[in-house]
Amino acid sequence: MAVGTVLVTGGTGYIGSFTALALLENGYEVVIVDNLYNSSEVAVDRIEAICGKRAAFYKVDVTDEAGLDEVFAKHPEIDSVIHFAALKAVGESGEIPLEYYRVNVGGSISLLRAMTRANVPNIVFSSSATVYGDATRVPNMIPIPEHCPIGPTNTYGRTKVMIETVITDHIDAQRNNSKKKGEPFEKWNGALLRYFNPCGSHPSGIMGEDPQGVPYNLLPLLGKVATGEREKLLVFGDDYASKDGTAIRDYIHVLDLARGHLAALNYLRENKPGVKAWNLGSGRGSTVFEMIKAFSKVVGRDLPYEVVERRQGDVLNLTANPALANAELKWKTELTLEDACADLWRWVENNPKGYRQDPPAELLETLKAGKAQ
Ligand SMILES: NC(=O)c1ccc[n+]([C@@H]2O[C@H](COP(=O)([O-])OP(=O)(O)OC[C@H]3O[C@@H](n4cnc5c(N)ncnc54)[C@H](O)[C@@H]3O)[C@@H](O)[C@H]2O)c1
């Protein structure tokens with residue numbers, strides 16, 4: 001018997017696919033909806049190749065309420081949702097803000113409405129450390145705790161803050177309305193997971209980040225420099241107040257992040273806390289130059305880069321204080337930055353075309369042999 005059935009929106013995307021894998025590996029059934037705007041359905045096959053279980057997949061847009069209603073009707077066993085589907089390019093969000101509000105905020109409202117009609121009470125939401133903005137503006141907020149004042153510096157971050165607010169108001173209202181009717185109200189719960197910088201791939205080398213357009217996160221870009229697909233890495237500013245002048249981020253292996261979702265979902269189901277926010281990060285800050293060094297070491301040569309102007313909306317330091325998640329969710333990161341770099345390189349080196357190619361046979365053999373042991 002399955003532990004539960006989870007609808008994963010954006011489940012063929014980077015973090016969504018790894019979370020779907022973690023759910024399947026831990027006894028959950030998974031139903032994915034994704035419009036494939038930034039991902040490929042092949043992710044569903046790779047998840048199955050790794051864990052031997054298949055997620056159901058529906059090509060549905062999260063802004064399409066009728067489409068979501070149909071999925072919930074087909075799967076009345078769904079009792080929780082993990083919501084990843086969103087647009088996420090910080091720069092682009094300033095150029096086409098209405099599209100970001102429509103998809104991110106509008107899509108979340110559609111989802112919550114469909115969930116409510118289907119009586120699905122738990123939601124785990126992909127928020128971001130971006131909601132804090134420049135935490136160095138407030139004394140003693142690095143590493144950043146959840147009580148750090150919110151202050152996003154870009155449109156993308158503002159969509160995340162709005163969605164957190166919408167979820168909080170909605171779950172509170174569902175609890176109050178249920179109480180008034182004398183119905184069980186504790187079942188309505190939400191987790192707001194504020195991720196720091198997800199990175200890395202599956203250690204098998206057959207599953208990783210495969211965005212449809214140009215990646216803009218540091219490690220995937222470094223991967224493209226290493227394969228020669230890009231000439232050099234652009235470093236946005238070396239005049240920050242850090243030890244080497246480049247911005248500080250908290251890099252978290254995507255396998256650890258996926259486990260964090262599982263921990264949060266289990267916490268909601270067991271403790272019924274209402275809505276709560278948790279940071280998912282390692283607590284360790286690394287500069288851009290340190291990351292270039294770590295990845296270059298794995299690749300075995302120095303990777304070229306060029307320092308250019310700071311990017312608008314970027315902040316000096318986003319390092320998590322993950323103490324709350326450590327204590328309440330009994331979750332902490334287990335993998336290192338070096339693990340993430342090695343796993344990413346194995347994925348990039350062996351799959352230069354991402355999911356548009358078959359994985360190398362020897363990686364599949366190794367995976368099979370590992371399973372047989
Ligand atoms: N990667 C990061 O650095 C990071 C950091 C913090 C938060 N997040 C959040 O985590 C979530 C997942 O990010 P990711 O890195 O896996 O990105 P991703 O682009 O790989 O995944 C998002 C998925 O959502 C899908 N999607 C987009 N619009 C949709 C729509 N209208 N309907 C249905 N599906 C849609 C895309 O096709 C994609 O598969 C996002 O909400 C993102 O904002 C990401």
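Let me begin with the ligand: 28 residues surround the ligand, where a residue counts as near a molecule if its C-beta atom, placed from the backbone, lies within 6 Å of it. The closest are Gly10, Gly13, Tyr14, Ser39 and Ala86. At least two residues of this shell come from each of α1, α5, β5 and β7 (197–199). Helix α1 gives the most, with 3 residues. Helices here are DSSP runs of H or I with at least four residues, strands are runs of E with at least two, and both are numbered from the N terminus.

A note on the source. The model is predicted: local features need pLDDT of at least 70, side-chain atom pairs count only at pLDDT 80 or more, and totals for chains, interfaces and linings use all residues. Residues are numbered from 1 along each chain as its sequence is written.

I turn now to the sheet. An open sheet of 7 strands runs in the order β3-β2-β1-β4-β5-β6-β11, with parallel pairing; two strands pair if DSSP finds at least two bridges between them. Its edge strands are β3 and β11 (275–280), each of which pairs on one side only. From one strand to the next, the twist averages 20°. For angles, axes are lines fitted to C-alpha atoms, for helices over the stretch in contact, and the values run from 0 to 180 degrees between N-to-C directions.

Consider the pairings in turn. Strand β1 (residues 5–9) is joined to β2 by 5 bridges, in parallel, and Val8 has Ile32 in β2 as its bridge partner. Right-handed means that, with the strands pointing away from the viewer, the path from the first strand over the helix to the second runs clockwise.

On to β3 (residues 56–59): 4 bridges join this strand to β2, again parallel, with Val33 opposite Tyr58. Helix α2 (residues 42–51) carries the chain from β2 to β3, and this β-α-β crossover is right-handed.

Strand β1 also pairs with β4 (residues 78–83), in the parallel sense and over 5 bridges; there Leu7 stands opposite Val81. Across β1, β4 and β5 (122–128) lies helix α5 (residues 97–117), running at about 175° to β4.

How covered are these elements? In α1, 11 of the 12 residues are buried, among them Tyr14, Phe18 and Leu21.

Why does the length of α1 agree with expectation? At 1.5 Å a residue, its 12 residues should span 16 Å, and the end C-alpha atoms are 17 Å apart. The expected span is 1.5 Å times one less than the number of residues. After α1 comes Gly27, whose phi is positive, near 90°.

Finally, helix α11 (residues 337–350). Its 14 residues reach 20 Å from first C-alpha to last, close to the 20 Å expected. Of those residues, 10 are buried, including Leu337, Trp345 and Trp347. The buried residues pack against β7, α7 (218–226), β10 (251–253), β12 (286–287) and α9 (288–299), contact being defined as C-beta atoms, placed from the backbone, within 7 Å.

Definitions and conventions
Buried ≥ 20, exposed ≤ 12 C-beta atoms within 10 Å, placed from the backbone. Contact = placed C-beta atoms within 7 Å.
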